[in-house]
Amino acid sequence: MNTYDLVIIGGGPAGLAAAASAKENGIEHILILERDKELGGILNQCIHNGFGLHTFKEELTGPEYASRFIKKVKNLQIPYKLNTMVMDVSPDKTVTAMNRTDGMFQIQAKAIILAMGCRERARGALNIPGYRPAGIFSAGTAQRLVNIEGYMPGKEVVILGSGDIGLIMARRMTLEGAKVKVVAELMPYSGGLKRNIVQCLNDFDIPLKLSHTVVDIEGKKRVEAVTIAEVGPDKKPIPGTEERYTCDTLLLSCGLIPENELSKNAGILLNPVTSGPVVSDNLETNIEGIFACGNVLHVHDVVDYVSEEAASAGKNAASYIKNGKKNSKKTVTIYPTDGVRYTVPSSIHPEEMADSLTVRFRVGDVYKNCTIATYFDNELISKKKRPVMAPGEMEEIRLEKDILNSYPHLSTITIKIEEA
């Protein structure tokens, strides 16, 4: 069995940044395992711009952003295996994988970084009534067909869900000559970034109907029409609000789910809100030496934050490989409440954490003129004013080590939304 210091599962933006960071922090024997035929992950099909503003201080397309990290990994001479499917990760950090040249093989790692990304919520999970004809695609599949394969999914399009990929595909399909009739969203708010609503829908006069869902799909062989209806507070369709749109294509953009089958089988504790691993401030899971970062941990809205988080995971994995596990005497739990759905990380070790730690989270509703309040036990420590917060945009607070150290008996940090 081959042994490596560090095995990284996934060669997308998270895996690449983690690998580069670990190498720069002194780890020599690293291997990236990627199931696709090339490095770069989902960014290869994201040909729109808007990437890299935080990381490179310039606006790049997805492939341009990915290529910078691919170049870095190649310059650092980090080995990788493509077309390689990881079958299993065991708690003792044995990775079982297979490809057509090596067959089935096992690798013993000193540390593992999970960077498998996320997948789209499939049609089967949505319970849409009506026929099951051709012409129904997830937004990401349609994006791959148009941008990489060179196929046009259809000419008249209805989109269900206002996640970022759905919004971007509304614009993409329009630019390719299709007519996007409507974007329907079950929730009373959009699931995407504000800038994508403006640039992809408003700029092209594509209507966005909030609190609406698909109640019928017509067509035996191919989609012929879709009926949408308004939903009430109970998310059930309101009779008499139906609108019928003739179309040949229905795109689904109804949420992303972290790709965590491997994590689950390894015995890693998953957060029921994010469906990603529960991690401490060094991005380590409950299994010693297994770290997680990027969209497999929680779905990010900006890839720059994925790279930043992955660089931390690489650095922390390097520290673990060189120094072993730190036996922290003290753990402080972070509690999300009153509108805050979850936090990453879920706990911190004040003695070992970095001088400054970014805690990221999402809110559960649209809030206006509110504050993000941080409490140490029951003492209010900080208030951060926010004119508007929405579930589609990630929020963050920063924790400073020197402030935490001045609270030696601290046991919990609570983050909540309060009125300004």
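## Aspartate 338 and its partner

Aspartate 338 has a relative accessibility of 44% in this predicted model, which counts as partly exposed because it falls between the 20% limit for buried and the 50% limit for exposed. Aspartate 338 forms a salt bridge with lysine 416, and their closest N and O atoms lie 3.9 Å apart. The pair links distant parts of the chain, 78 residues apart: aspartate 338 sits in the loop between β20 and β21 (347–348), and lysine 416 belongs to strand β26 (residues 412–419).

## Other salt bridges

The structure holds 19 salt bridges. One of them pairs lysine 325 with glutamate 284, at 3.3 Å between the closest N and O atoms. Here too distant parts of the chain are linked, 41 residues apart: lysine 325 is in the loop between α7 and β20 (332–336), while glutamate 284 is in the loop between α6 (261–265) and β19 (290–292). Lysine 325 is partly exposed, with a relative accessible area of 42%, whereas glutamate 284 is buried at 7%.

Arginine 360 and glutamate 308 also meet through their side chains in a salt bridge, 3.1 Å from N to O. Arginine 360 lies in strand β22 (residues 356–361) and glutamate 308 in helix α7, so this pair ties together parts that are 52 residues apart in sequence. Arginine 360 is buried, with a relative accessible area of 6%; glutamate 308, at 41% relative accessibility, counts as partly exposed. Elsewhere, salt bridges that share partners join Arg35, Arg119 and Glu259 into one network.

## Helix α2: length and sides

Helix α2 has 14 residues (residues 62–75), which should span 20 Å at 1.5 Å a residue; its end C-alpha atoms are 20 Å apart, in agreement with that expectation. The buried residues of α2 are Gly62, Tyr65, Ala66, Phe69, Ile70 and Val73. These residues cover an arc of only 135° around the axis, which puts them on the same side of α2. In an α-helix there are 3.6 residues a turn, so residues three or four places apart point the same way.

The exposed residues Lys71 and Asn75 are carried on the face of α2 turned away from its buried side.

## Surroundings of α2

Several elements cover the buried residues of α2, including α1 (13–24), β2 (30–33), β3 (49–51), β4 (60–61) and α7 (303–323). Helix α7 also contains glutamate 308, the partner of arginine 360. After α2 comes glutamine 77, whose phi is positive, near 55°.

Notes
Residues numbered from 1 in each chain as written. Predicted model: local features only at pLDDT ≥ 70, side-chain atom pairs only at ≥ 80, totals over all residues. Heavy atoms only, no water. Helix = DSSP H or I, 4+ residues; strand = E, 2+ residues; numbered from the N terminus. Expected span 1.5 Å × (residues − 1). Buried < 20%, exposed > 50% of the residue type's maximum accessible area, 1.4 Å probe, protein only. Arc of directions from axis to C-beta. Contact = heavy atoms within 4.5 Å. Salt bridge = Lys/Arg side-chain N within 4 Å of Asp/Glu carboxyl O.
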